[in-house]
Amino acid sequence: MRKLLIFLFCLLPTAAYANVVWPALYLETRLFSWWAISIGLLVEFLFVKWIFTLPIKKASIATISANAVSAIAGIILIPLAGIAWELFPGSLINKAFSWGTFNPITWGATFFLGCLVNGLLEGAVYRKWFFPDFRFKSKAFLWLLAANSLSVGAAFISLWLKPVQL
């Protein structure tokens, strides 16, 4: 009986909207631009080489590995972070100011969440495979967030310089 009810429920007509967007989706498309990736790799390579005092080869491998993981997982996690923001607290802010999704506070939160998601993912890679002493409550993590803010910031600024064409 339960399977029949589930099957019948699936047959109910519902509206499907494929035009739902939020700032994190726009940012995600720019994070995969060749120039944003190049900026990110260069800045983070310099960071990793400096903060962990590594030779060029090991710093390159660590940076590429961390960014590969953050790129693959970030495809899902950055938009999900944007949805989480939209559900709460974004919905409260939108209601309080009678704003829509694309407002200054949500754009700021999108930037911060993009940096945070990338920083957490890359930090996990650095800790697991390269620097077991790496701590998320450290100056090194703050520097990692700062390095990520440059590449995320470049992608973010590009949205204003060349808006997404629909």
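S98 is exposed, at a relative accessible area of 68%. In this predicted model, S98 sits in the loop between α4 and α5.

T53 belongs to the loop between α3 and α4. T53 is exposed because its relative accessible area is 66%, and the cut-off for exposed is over 50%.

**A cis peptide bond**

Which form does the peptide bond from F88 to P89 take, cis or trans? The bond is cis, with omega near 10 degrees. P89 is placed in helix α4.

**Packing of α3 on α4**

Two packed helices are described by the angle between their axes and the distance between the axes. Helix α3 spans residues 34-51 and helix α4 spans residues 56-97. They pack at an angle of about 130 degrees, and their axes are 9 Å apart. That angle makes α3 oblique to α4. The crossing of α3 and α4 is right-handed.

Which residues make the contact? From α3 come L41, E44, F45, V48 and K49. From α4 come I56, A59, S60, A62, T63, I64 and N67. By type, the residues of the contact of α3 with α4 are seven nonpolar, three polar and two charged. E44 and K49 are the charged ones, because Glu and Lys count as charged.

**Aromatic pairs**

The structure holds 17 aromatic pairs. A pair of aromatic rings is described by the distance of the centres and the angle of the planes. Take W107 and F156: their ring centres are 5.7 Å apart and their planes stand at 75 degrees, so the pair is edge-to-face. The cut-off for edge-to-face is over 60 degrees.

Where do the two residues lie? W107 is in helix α5 (residues 104-130), and F156 is in helix α6 (residues 139-161). The pair therefore ties together parts that are 49 residues apart in sequence.

Are W107 and F156 buried or exposed? W107 is buried, with a relative accessible area of 13%. F156 counts as buried too, at 15% relative accessibility. Both calls follow because buried means under 20%.

There is also an aromatic cluster. F47, F52, Y126, F130, F131, F134, F136 and F141 form it together.

Notes
Residues are numbered from 1 along each chain as its sequence is written. This is a predicted model: local features need pLDDT of at least 70, side-chain atom pairs count only at pLDDT 80 or more; totals for chains, interfaces and linings use all residues. Side-chain values use heavy atoms; hydrogens and water are left out. Rings of Phe, Tyr and Trp (its six-membered ring) pair if their centres lie within 6.5 Å; planes under 30 degrees apart count as stacked, over 60 as edge-to-face and the rest as tilted. Helices (H or I, at least four residues) and strands (E, at least two) are DSSP runs, numbered from the N terminus. Buried means under 20% relative accessible area, exposed over 50%, partly exposed in between (1.4 Å probe, protein chains only). Axes are lines fitted to C-alpha atoms, for helices over the stretch in contact, and angles run from 0 to 180 degrees between N-to-C directions. Angles under 35 degrees count as roughly parallel, over 145 as roughly antiparallel, 65 to 115 as roughly perpendicular and the rest as oblique. A crossing is left-handed if the near helix is turned anticlockwise from the far one by less than a right angle, and right-handed if clockwise. Contact means heavy atoms within 4.5 Å.
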